[in-house]
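Thanks for coming. I have one structure to go through today, and I will keep it short.

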Amino acid sequence: RAYRGLLELDPSFSVAAINLADIEMYEGNYQEAENLLRANARPENLVWSWNLMATLAGQQRYSEAEEHLDRTVEAQPDNVYLAPTRALFLATMGRWERALEELEAADGIPGAVEAWARYVEAVALGRAGRLAEARQSLARMDELMTDDMIVLRIISS
């Protein structure tokens with residue numbers, strides 16, 4: 001209700017639209033989520049792009065979803081989250097081999113994104129039936145997240 005109220009006050013408030021679309025998407029209301037996102041287009045925003053791609057996939061419009069993701073990669077070539085994001089899409093579509101290639105080809109995934117990349121790698125490996133390797137990727141993700149938490153504790157002290 002809060003996000004809808006914010007959009008009534010300011011229909012162009014894209015953060016509220018993105019967050020409300022996220023809720024709608026997870027409730028299975030993909031068309032409503034798509035409508036919210038398209039009414040508040042933010043193609044430079046990765047969360048907006050991911051949500052639009054997910055709403056299209058949720059409506060089984062897979063080729064549109066992939067085309068949208070490809071356009072996002074072109075529009076945001078320096079976005080360090082895009083290789084793992086694209087790889088996750090490919091893995092969930094059953095194209096796990098291509099997902100692993102995408103991760104391997106990514107140039108210098110920085111430490112802050114590496115945990116996400118290891119999670120995506122685990123998803124792709126799990127979908128491929130390579131469970132021992134998937135467990136290793138999850139263990140590496142846990143290590144990275146633990147390291148990040150230690151750094152955050154030191155910084156906030």
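First, the ground rules. This is a predicted model, so to speak of a local feature I need pLDDT of at least 70, side-chain atom pairs count only at pLDDT 80 or more, and totals for chains, interfaces and linings use all residues. Residues are numbered from 1 along each chain as its sequence is written, and side-chain values use heavy atoms, with hydrogens and water left out.

Now the chain. Its secondary structure comes to 9 helices and 0 strands. Helices here are DSSP runs of H or I with at least four residues, strands are runs of E with at least two, and both are numbered from the N terminus. Read along the sequence, the pattern is α-α-α-α-α-α-α-α-α. The C-alpha trace spans about 50 × 45 × 30 Å along its principal axes.

Of the 157 residues, 37% count as buried. Buried means under 20% relative accessible area, exposed means over 50%, and partly exposed is in between, with a 1.4 Å probe and protein chains only. The chain exposes about 9,100 Å², and carbon and sulfur atoms supply 53% of that. Those areas come from the Shrake-Rupley method with a 1.4 Å probe.

On contacts, which means heavy atoms within 4.5 Å: among those between residues at least 6 apart in sequence, 47% join residues at least 24 apart.

On charge, there are 15 positive and 26 negative side chains, and the centres of the two sets lie 3 Å apart. Lys and Arg count as positive, Asp and Glu as negative, and His and the chain ends are not counted. Each charge is placed at NZ of Lys, CZ of Arg, CG of Asp or CD of Glu.

Next, the pocket. How much space lies in the largest pocket? About 310 Å³, where the volume is the space filled by probe spheres set on grid points joined across faces, edges and corners. A pocket is an open set of points on a 1 Å grid over the protein atoms alone, where a 1.4 Å probe fits, with protein on both sides within 12 Å along at least five of seven lines; lining residues have an atom within 4 Å of a point.

This pocket is lined by 16 residues, and P77, N79, A83, A106 and D107 lie nearest its centre. Helices α6 (82-92) and α7 (96-105) each supply at least two lining residues. Which helix gives the most to the lining? That is α7, with 3 residues.

Staying with α7, that helix holds E102. Is E102 buried or exposed? It is buried, because its relative accessible area is 15%. Leaving out residues up to four places away in sequence, E102 touches A83, R86, A87 and L90.

In α6 we have P84. P84 counts as buried because its relative accessibility is 0%. With the sequence neighbours up to four places away left out, P84 touches L103, I109, V113, W116, A117 and V120.

Another buried residue is H68, at 5% relative accessibility. H68 sits in helix α5 (residues 62-75). Setting aside residues up to four places away in sequence, it touches W48, S49, L52, M53 and L56.

Q60 has a positive phi of about 60° although it is not a glycine. At 61% relative accessibility, Q60 counts as exposed.

Two partly exposed residues remain on my list. F13 is in the loop between α1 (2-9) and α2 (14-26), and its relative accessibility is 33%, so it counts as partly exposed. Leaving aside neighbours within four places in sequence, F13 is in contact with L6, L7 and N40. The C-alpha atoms of F13 and Y3, 10 residues apart along the chain, are separated by 9.4 Å.

The other is M145, in helix α9 (residues 131-156). M145 counts as partly exposed, at 42% relative accessibility. From M145 to A115 is 30 residues in sequence and 6.4 Å in space, C-alpha to C-alpha.

That is the end of my list.
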